[in-house]
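This report describes one protein chain, going from its overall layout to single residues. Keep the sequence and the 3D view at hand while reading.

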Amino acid sequence: MGILTWIIVGLVAGAIAKAIHPGKDPGGFIVTILIGIVGAVIGGWISSALGYGTVDGFNIGSLFIAVLGAVILLFVYRKLSTRS
């Protein structure tokens with residue numbers, strides 16, 4: 001998958017994750033986009049390691065995996081950033 005596709009999927013995943021898990025983010029919209037991109041990568045890696053499939057393009061399955069990864073990463077990010 002090309003880097004541009006990862007960015008687009010991550011952008012969409014970050015926006016959807018923000019809608020699913022609303023609240024005040026330390027860092028703003030740019031950090032949410034970056035969390036979406038990293039969440040897409042992590043979600044794809046975990047799903048392929050577990051044998052469920054990979055993030056292999058802009059389709060519904062890949063978007064679901066990317067959003068799931070972004071929601072998990074957004075949750076962890078909020079928990080870690082509010083402890084200080």
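The secondary structure of the chain consists of three helices and zero strands. Read from the N terminus, the order of the elements is α-α-α. The model is a predicted one. Of the 84 residues in the chain, 35% are buried. The chain exposes about 5,200 Å², and carbon and sulfur atoms supply 76% of that area. Among contacts between residues at least 6 apart in sequence, 72% join residues at least 24 apart.

Helix α2 covers residues 28–50. At 1.5 Å a residue, its 23 residues should span 33 Å, and the end C-alpha atoms of α2 are 32 Å apart, which agrees. Helix α3 covers residues 60–81, 22 residues in total. From its first C-alpha to its last, α3 reaches 31 Å, close to the expected 32 Å.

Which residues of α2 are buried? They are Thr32, Ile33, Ile35, Gly36, Ile37, Gly39, Ala40, Gly43, Gly44 and Ser47. In α3, the buried residues are Ser62, Leu63, Ile65, Ala66, Val67, Gly69, Ala70, Val71, Leu74 and Arg78.

After α2 comes Gly51, which has a positive phi, near 85°.

In soluble globular proteins, nonpolar side chains tend to be buried together. Here the largest nonpolar core has eleven residues: Val9, Ala13, Ala17, Ile35, Ala40, Leu63, Ala66, Val67, Ala70, Val71 and Leu74. At least two residues of this core come from each of α1 (3–20), α2 and α3. Which helix gives the largest share of this core? That helix is α3, with six residues.

**The surface**

Nonpolar side chains also occur at the surface. Val38, Ile42, Trp45, Ile46, Leu50 and Tyr52 make a nonpolar surface patch of about 680 Å². One of these residues, Leu50, lies in helix α2. Is Leu50 buried or exposed? Leu50 counts as exposed because its relative accessibility is 58%, and the cut-off for exposed is over 50%.

Asn59 lies in the loop between α2 and α3, and Gly23 in the loop between α1 and α2. Leu68 has its place in helix α3. Asn59 counts as partly exposed because its relative accessibility is 37%. Gly23 is also partly exposed, at 39% relative accessibility. For Leu68 the relative accessible area is 45%, so Leu68 is partly exposed.

| Pair | Separation in sequence | C-alpha to C-alpha distance |
|---|---|---|
| Asn59 and Val9 | 50 residues | 9.3 Å |
| Leu68 and Ile16 | 52 residues | 9.6 Å |
| Gly23 and Arg78 | 55 residues | 9.4 Å |

Some residues in the table have come up before. Val9 belongs to the largest nonpolar core, and Arg78 is among the buried residues of α3. What does Gly23 touch, not counting residues up to four places away in sequence? Gly23 touches Lys18 and Arg78.

Key: Residues numbered from 1 in each chain as written. Predicted model: local features only at pLDDT ≥ 70, side-chain atom pairs only at ≥ 80, totals over all residues. Heavy atoms only, no water. Helix = DSSP H or I, 4+ residues; strand = E, 2+ residues; numbered from the N terminus. Expected span 1.5 Å × (residues − 1). Buried < 20%, exposed > 50% of the residue type's maximum accessible area, 1.4 Å probe, protein only. Patch = residues over 30% accessible without salt bridge, like charges linked within 9 Å, V, L, I, M, F, W, Y side chains within 5 Å. Areas by Shrake-Rupley, 256 points an atom, 1.4 Å probe, with all protein chains shown as cover. Salt bridge = Lys/Arg side-chain N within 4 Å of Asp/Glu carboxyl O. Core = buried A, V, L, I, M, F, W, Y, C linked by side-chain atoms within 4.5 Å. Contact = heavy atoms within 4.5 Å.
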